[in-house]
Amino acid sequence: MPEGELTFDHIHLIAADPEATAKWYVDVLGAEIKASYQTRNAPQINVSLGGMTLLVRGQRTGEVPTEPSPMREYADYSSHNEWGTDHFGYTYHGDLRTYCDELRSRGAQFSVEPWEFTPNNWLCYVAAPDGVSIEIVEGKS
């Protein structure tokens, strides 16, 4: 790697119940827990999903995180924008609508149901714990 090159490291999530949040990623999306430990007086769980590391940590002593915005239904994608971190995304290489049925059977809820945002291109948004939004786009071969 060239000196000074920037590479992706992790997404950091603050969870009211980090164990339950990590379990949701495992049970619903098939993630893998890589480590669980305490750091700065809070539990932290490293979760691997789709080549990305999610650091799921609990509340630190004296910290008062603000409440996430509640899950909302969107009439269409154009109304789904927020300041700050809006979502993170994955590509699913297969039939997205079939995969969404599988996710639904595992307990997933959708803030945006699968829809064809351009001809033959499908996407959806999964409502994850703690107000996190995950976009899943159908990959094309």
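Two strands pair if DSSP finds at least two bridges between them. Helices (H or I, at least four residues) and strands (E, at least two) are DSSP runs, numbered from the N terminus. The model is predicted: local features need pLDDT of at least 70, side-chain atom pairs count only at pLDDT 80 or more, and totals for chains, interfaces and linings use all residues. Residues are numbered from 1 along each chain as its sequence is written, and side-chain values use heavy atoms, with hydrogens and water left out.

**View 1. S5 beside S8.**
S5 and S8 are parallel partners, joined over five bridges. Phe88 stands opposite Ile134 in S8. Both Phe88 and Ile134 are among the residues that touch the most other members of the largest nonpolar core. Five of the six residues of S8 are buried (under 20% relative accessible area; exposed is over 50%, partly exposed in between; 1.4 Å probe, protein chains only). S8 is therefore largely enclosed by the rest of the structure.

**View 2. The open sheet.**
Four strands make an open sheet with mixed pairing, in the order S5-S8-S7-S6. S5 and S6 (109–118) are the edge strands, each pairing on one side only. On average, neighbouring strands of this sheet are turned by 20 degrees against each other, direction ignored. Axes are lines fitted to C-alpha atoms, for helices over the stretch in contact; angles run from 0 to 180 degrees between N-to-C directions.

**View 3. The S7–S8 hairpin.**
S7 and S8 run antiparallel, with five bridges between them. Tyr125 stands opposite Glu135 in S8. The hairpin has five residues between its strands. Asp130 in this hairpin takes a positive phi near 65 degrees.

**View 4. Helices against the sheet.**
H1 packs on the sheet and touches S5, S7 and S8 (contact means heavy atoms within 4.5 Å). The direction of H1 makes about 20 degrees with that of S8. H2 lies across S5, S6, S7 and S8. H2 runs at about 175 degrees to S6.

H1 has twelve residues. From first C-alpha to last it reaches 16 Å, close to the 16 Å expected at 1.5 Å a residue. That expected span is 1.5 Å times one less than the number of residues. Which residues of H1 are buried? They are Pro18, Thr21, Ala22, Trp24, Tyr25, Val28 and Leu29. These cover an arc of only 150 degrees around the axis, which puts them on the same side of H1. The arc is that of the directions from the helix axis to the C-beta atoms. Gly30 follows H1 and has a positive phi, near 80 degrees.

**View 5. The largest nonpolar core.**
A nonpolar core is a set of buried Ala, Val, Leu, Ile, Met, Phe, Trp, Tyr and Cys residues joined through side-chain atoms within 4.5 Å. The largest one here has 30 residues. Tyr25, Leu29, Leu54, Phe88, Leu103, Val126 and Ile134 touch the most other members. Elements giving two or more residues include S1 (11–14), S4 (52–57) and H2 (96–105). H1 gives the most, with five residues. Leu103 is in contact with Val28, Leu29, Ala108, Phe110, Val126 and Ile136, leaving aside its neighbours within four places in sequence.

**View 6. The S2–S3 hairpin.**
S2 (residues 32–39) and S3 are antiparallel partners over seven bridges. Thr39 stands opposite Ala42 in S3. Two residues lie between the strands of this hairpin. Arg40 in the hairpin takes a positive phi near 50 degrees.

**View 7. Phe117 in S6.**
Phe117 lies in strand S6. Is Phe117 buried or partly exposed? Its relative accessibility is 33%, so Phe117 counts as partly exposed. Phe117 touches Trp122, Leu123 and Val137, not counting residues up to four places away in sequence. Phe117 and Val137 are 20 residues apart along the chain, and their C-alpha atoms are separated by 9.8 Å.
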